[in-house]
Amino acid sequence: MADIANENKYPDDGYSQDLFVLKEDAADITIDENFASQSFWKEVRAQFLKKKSAVFGLIAIIIITLLAIFGPGMNSYSYSDQDLSQKNLAPRVAWLEGLGIFDGSETISTTSGSKTTNGYEDSGLSDVYYWFGSDTFGRDIWTRTWSGARVSLIIAVAAALIDMIIGMSYGLISGFFGGKVDMVMQRILEVSNGIPRLVIVTLLLLVLSPGILTIVFALMLTEWIGMSRIARAEMLKLKEREFVLASRTLGAGSFFIIFKEVLPNIIGPIITQVMFSIPTAIFTEAFLSFVGLGIPVPQCSLGSLISEGFNSFTTHPYQIVPPIIVMALLMLSFNLVADGLREALDPKFKEM
Amino acid sequence: MRKYVLKRVLTAVFTLLVILLVLFILMQLMPGSPFNDEKLTDDQLQLLYEKYGLDKPIIVQFFNYVKNMFTGDFGVSYKISKNTPIAQLIASRLPISIGIGFMAVFIGALIGLILGIVAAIWHDTILDTIATIISVIGVSVPSYVFALALSFEFGFTLGWFPMLYSNSAQLSSSILPSVSLSMFTMASIARFTRSEMMEVMDSEYMLLAESKGLSGRALILRHALRNALIPIVTVLAPLIVDLMTGSLVVEKIFSIPGVGSLLVNAIQSNDYNVVISLSFIYSAMYIVIMLVVDILYGIIDPRIRLAKEDG
């Protein structure tokens, strides 16, 4: 009926309905004919590189990642090798010991005063070097710190990516369809946001056995909400724009519009949010390990290393220092990079 | 306004019921029955089930459970301290945790506000940079790292404050835990205050106030800060909630006998009853705080209320 009505509407234009074909979900309707988007990313990169703190953060992340990959293989120890005859040795590095630092001596303060000892000399270990020292079981702290950093990074990145996928899809779908769908989805979100994260994580870990997968799952259940809010807000902004209308006119389906048309345009805020959620994930993992719900021994993460070092941190403070510094540096760097990205992507944004 | 408050209260109550349902299901799934004495005959078991209402339909049991939770009847602890009512365990610990949490919020909010105002007034100077560095570090470094550092430096090396909490010196032994807990609150509030103050100071009514001849303290305090404070109320709520998580670890480090360390102990010794009761208390506190802040915010700033009523 509608087709006939349209044909009769403009009798003289010489066009007929069958000259037109709906392109539907064809890939070429998303091709951007002008190159504005390219220069946008160029601008973002320039803005980002101009901010010193963000560049510092990026470099620190790269260095820590490289060390997390290659660090454990740089000496002959493995993260689970125990040698009880070589326990609690202070850091000792080959070239630096001549300078009087990192020579394996430590000052132990007791109630009767402090004394300096050198565990290497006392046990006659002249050619043994623990770069960060060894722990109470005689394990190499250098190897354990970097394998711990590896585990923490894997957990954080995996959790952040899964949250991104879930939160993004939820927010985009909720924002795009609006109306009743949006109403129901937002009420569900409000209720799940009303449950404290701490409670969700503890209950989950009561039921499941501790391990990398459980921690990722716990983070997945709790961290998607922020992401979905951002995705929904962006979708509400963009769905009235002309390019969405154009795509719809050409016959594209809802899911095509959501994921092929709108998604590439909101990738900036989403990446920023991912960068912000990585330090949260690192922190949550460390917190869980500290409480005793983390990675099972002898595997380690930054959190479990800190928790182990805590038991002897007044007598052998060097044992807790490397994991703390690595974790603080990682969280700081991801925050700095996220801040820099946010400013680069949105020049109007005013934040410190 | 009434409609908005009603909607928020309903959502809060519904959320609490969902949490209770989850907790109830978990309790049912936990292994073991409360009466696992082999000497009991079937008839005796039947009597016991009747006595505790366990023979009733599951829905009736659920509502009994809800009633018990709200009246503070949380059952008894099985492992941490045998057969002690959980309400009693919690009652002695909750005030300590709340006291330290309150002190942390107070320190954090006060110093955060000062840092933010200083950074905004003298922005792009060395003071601003220092405030920025402090707040970036405060946001990035977890509270228990501060706790360890502070307890090592001021507790162990310098010996200014006690390293562990003691009931005889409550004030001096809660300073280090409160300060380490407050760092995140302080940093977030400093960041937020700065950006809000900058925005307010750019606004036209500030220009008007300035052109009327107002200057100095009156301008900053009466005009800028009051308007900048409104959004800060909203960040305070999630921050208070974050304190709950932070307190778990900080209480462990300083061995504070609060609810946080009770929860950690309960988790580590698999005392399900205690974990579930504390989960309920944490959730209830969280929901009430969020509700109060949302309603307060609606009263302070009508724009929010109107926008939410539309949506």
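Reader: Which helix is A:I155 in?
Author: A:I155 sits in helix α5 of chain A, residues 141-177. Helices here are DSSP runs of H or I with at least four residues, strands are runs of E with at least two, and both are numbered from the N terminus. This is a predicted model, in which local features need pLDDT of at least 70, side-chain atom pairs count only at pLDDT 80 or more, and totals for chains, interfaces and linings use all residues. Residues are numbered from 1 along each chain as its sequence is written, while chains are lettered from A and ligands numbered from 1 in the order in which they are written.

Reader: Is A:I155 buried or exposed?
Author: A:I155 is buried, with 27 other C-beta atoms within 10 Å. Buried takes 20 or more other C-beta atoms within 10 Å of the residue's own, exposed 12 or fewer, and partly exposed is in between, with C-beta atoms placed from the backbone.

Reader: What does A:I155 touch?
Author: Leaving out residues up to four places away in sequence, A:I155 touches A:I212, A:I215, A:V216, A:A281 and A:E285. Contact means C-beta atoms, placed from the backbone, within 7 Å. The C-alpha atoms of A:I155 and A:S301 are separated by 9.5 Å, and these residues are 146 apart along the chain.

Reader: How much of chain A is buried?
Author: Buried residues are 39% of its 352 residues. Chain A has 13 helices and two strands. Of its contacts between residues at least 6 apart in sequence, 71% join residues at least 24 apart.

Reader: What about α11(A), how many of its residues are buried?
Author: In α11(A), 19 of the 25 residues are buried, so this helix is largely enclosed by the rest of the structure. A:G292 follows α11(A) and has a positive phi, near 100°.

Reader: And α3(A), which residues are buried there?
Author: The buried ones are A:A54, A:G57, A:I61, A:I64 and A:A68. They fall within an arc of 95° seen down the axis of α3(A), so they line one face of the helix. The arc is taken from the directions from the helix axis to the C-beta atoms. On the other side of α3(A), the exposed residues are A:K52, A:I59, A:I62, A:I63, A:L66 and A:F70.

Reader: Switching to the interface. How many residues of chain B are in contact with chain A?
Author: 42 residues of chain B are in contact with 32 residues of chain A. The largest share of the chain B side, eight residues, comes from α11(B). By class, that side has 29 nonpolar, 10 polar and three charged residues. Nonpolar covers Ala, Val, Leu, Ile, Met, Phe, Trp, Tyr, Cys and Pro; charged covers Asp, Glu, Lys and Arg; the others, Gly among them, are polar.

Reader: Where is B:S255?
Author: B:S255 is in the loop between α9 and α10 of chain B. Its phi is near 35°, a positive value in a residue other than glycine. Most residues other than glycine have a negative phi. B:S255 is partly exposed, with 13 other C-beta atoms within 10 Å.

Conventions: Two residues are in contact if their C-beta atoms, placed from the backbone, lie within 7 Å.
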